[in-house]
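The following exercises concern the architecture of a single protein chain.

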Amino acid sequence: MLRVPRPSVRVTVVVVSVFFATAVLGVGLLRAANYRPGATAGASWPSASASPSAAPGVEGRCGTAPTKAVRQLRGMWLTTVNNIDFPSRRGLTQAQVKAEYQRWLGLAVAQRHNAVFVHVRPSGDAFWPSAYAPWSEWLTGKRDGRSPGWDPLDYMVREAHARNLEFHAWFNPYRGTQPGPAGPGADFAKLAPNHPLLKHRDWAISYPSGRNGRLYFDPGIPEARKFVEDAMLEAVRKYDIDGVHFDDFFYPYPQAGQDFPDDASFARHGAGKSRAQWRRDNVDTLVREMQERIRQLKPWVKFGISPFGIWRNKTSDPAGSESKGLEAYDAIYADTRKWVQRGWVDYIVPQLYWHLGFDKADYTKLLPWWTALTKGTDVQLYIGMADYRIGEDGAWSDPGQLDRQMTLNEKSGGVQGQVHFSAKQIRADRLGAVTKYKNKHYASPALVPRMARLPAAPPAAPRLVAAARSGAAMKFEASASGATSWALYRVSGASAALVATGRAGSEVIDPAAPAGPATYCLSGLDRSGNEGLVSLPLAAS
């Protein structure tokens, strides 16, 4: 922790205090340690010896100026399967993996993101020491189940939090393997010796036939479903993650002339339903039970799903969208509309990977459908953005495509953020498209949207104690307690704009302070994005 020296320039302090401390990823996503609880709000800042409840503060105002902050989820998917994004190849050393991850987090910070969605269970494996899954070969480079000697998930969560990035652990529930030759395919002889499908072969289904086959945990077997839930919830119990995240891989996408071979489980558990409805019910049960069990374990952990962007077409169902594409409800048995209506998810991130005006799936028609679906619910709507398509022929050769889509998101009245697929495409910045939308839509910091359905514990007002210039930056001494993160405001004209954010315990700094005098205020936020009282102003020069 960096302690800030006492200011060498004159600082007028409005807050009086004697005690100083540092405030310091198929059609879908590619179609392509023990947890130590702090208050549910997270770790405390170093606090003054005086009770934080004694610190005076005002709600939403810095002195007489109203505070102004964008509330927007901004994130990227960091894909581990097949080493698409990270790690860059299998079998890297611990130091190499950590260095690569640091660079990805640096990219997220440079983009002014506030969340990362990291693939930690890509296909029946794990990026943590698990009693339910073998170590991921995309990390270790082997299928022997042996530990790499360190805990990547613990490291990844801590490093994300140090940069005030939410960490959403991304799981594929039912995928057991990846196809060959990169993965073991449907060959049991190629599985890690501790792979659970070796012990429970009756849970395994191979699909499709041929060289592209892989193994799945059968969603129609209740014991298999509970096992995959337990495997994912292990990570919830052990690590300080902010979210549990699924993409669109439930039942597999259909292959021409082949049906998923679940005759045995359907005969045993179908209970007279049509097979399609039984499959949908199986997925529904997974989603509902995960939401319930996460709440029981850690009620502040968010649960979200990024589904295929079409629920049903209007030609199939009057409640569907004006589209003519594959339907998640019928093709992969994902009743995404129900999940929102029943409140089984905290957020939904439809993958709207089509350009404006596309005849089968027009972004301008699908966006209003999803906005209308979430309107009046407390389920937050983020949009999955197709950064990976930039540079393709046609509409995607226009570097402004994503910029215009994000403008529509902001005008929709319902979209509360974006998640970009994927990290490697953001870094590539083809055609300058990423720079274009960043400069327009992510020009300043943003707080994550407040999630009202989760526990609320807005912290007491912090104290700005003193400030000192450091080049173009202004660094602060501050004290607070009970907050997960902080928000720094600077008065400009009639309002006080958000200029920086940080995790509790990190240095409070305005990285681009004006040359002359400026007035600042500080607030704390809890784990669910609830902002507490704003500190009294500090005038710094």
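**Exercise 1. The disulfide**

In this predicted model, a disulfide joins Cys 62 to Cys 521, with an S to S distance of 2.1 Å. Determine the handedness of the disulfide of Cys 62 and Cys 521, and state which strands hold the two cysteines.

*Solution.* 
1. The structure holds 1 disulfide, formed by Cys 62 and Cys 521.
2. The torsion about its S-S bond is about 80°, so the disulfide is right-handed.
3. Cys 62 belongs to strand S3 (residues 61–62) and Cys 521 to strand S22 (residues 518–525); the pair therefore ties together parts that are 459 residues apart in sequence.

**Exercise 2. The closed barrel**

Give the strand order of the closed barrel and the sense of its pairing. Then describe how strands S11 and S12 pair, and identify the strands that helix H10 touches.

*Solution.* 
1. The barrel has 8 strands in the order S6-S7-S8-S11-S12-S13-S14-S15, and the pairing is parallel.
2. Strand S11 (residues 243–246) is paired with strand S12 (residues 302–305) over 4 bridges, in the parallel sense.
3. Within this pair, Val 244 stands opposite Phe 303 of S12.
4. Helix H10 (residues 363–374) packs on the sheet and touches strand S13 (347–348), strand S14 (380–385) and strand S15 (415–420). The direction of H10 makes about 155° with that of S14.

**Exercise 3. A helix pair**

Classify the relative orientation of helices H11 and H13, and characterise the residues of their contact.

*Solution.* 
1. Helix H11 (residues 401–411) packs against helix H13 (residues 433–441) at an angle of about 30°, the axes being 9 Å apart.
2. Angles under 35 degrees count as roughly parallel; H11 and H13 are therefore roughly parallel to each other.
3. Their crossing is right-handed.
4. H11 contributes Leu 402, Asp 403, Met 406, Thr 407 and Glu 410 to the contact, while H13 contributes Lys 436, Tyr 437, Lys 440 and His 441.
5. These residues divide into 3 nonpolar, 2 polar and 4 charged.

Notes:
Residues are numbered from 1 along each chain as its sequence is written. This is a predicted model: local features need pLDDT of at least 70, side-chain atom pairs count only at pLDDT 80 or more; totals for chains, interfaces and linings use all residues. Side-chain values use heavy atoms; hydrogens and water are left out. Axes are lines fitted to C-alpha atoms, for helices over the stretch in contact, and angles run from 0 to 180 degrees between N-to-C directions. Angles under 35 degrees count as roughly parallel, over 145 as roughly antiparallel, 65 to 115 as roughly perpendicular and the rest as oblique. A crossing is left-handed if the near helix is turned anticlockwise from the far one by less than a right angle, and right-handed if clockwise. Contact means heavy atoms within 4.5 Å. Ala, Val, Leu, Ile, Met, Phe, Trp, Tyr, Cys and Pro count as nonpolar, Asp, Glu, Lys and Arg as charged, and the others, Gly among them, as polar. A disulfide is a pair of cysteine sulfur atoms within 2.5 Å. Two strands pair if DSSP finds at least two bridges between them.
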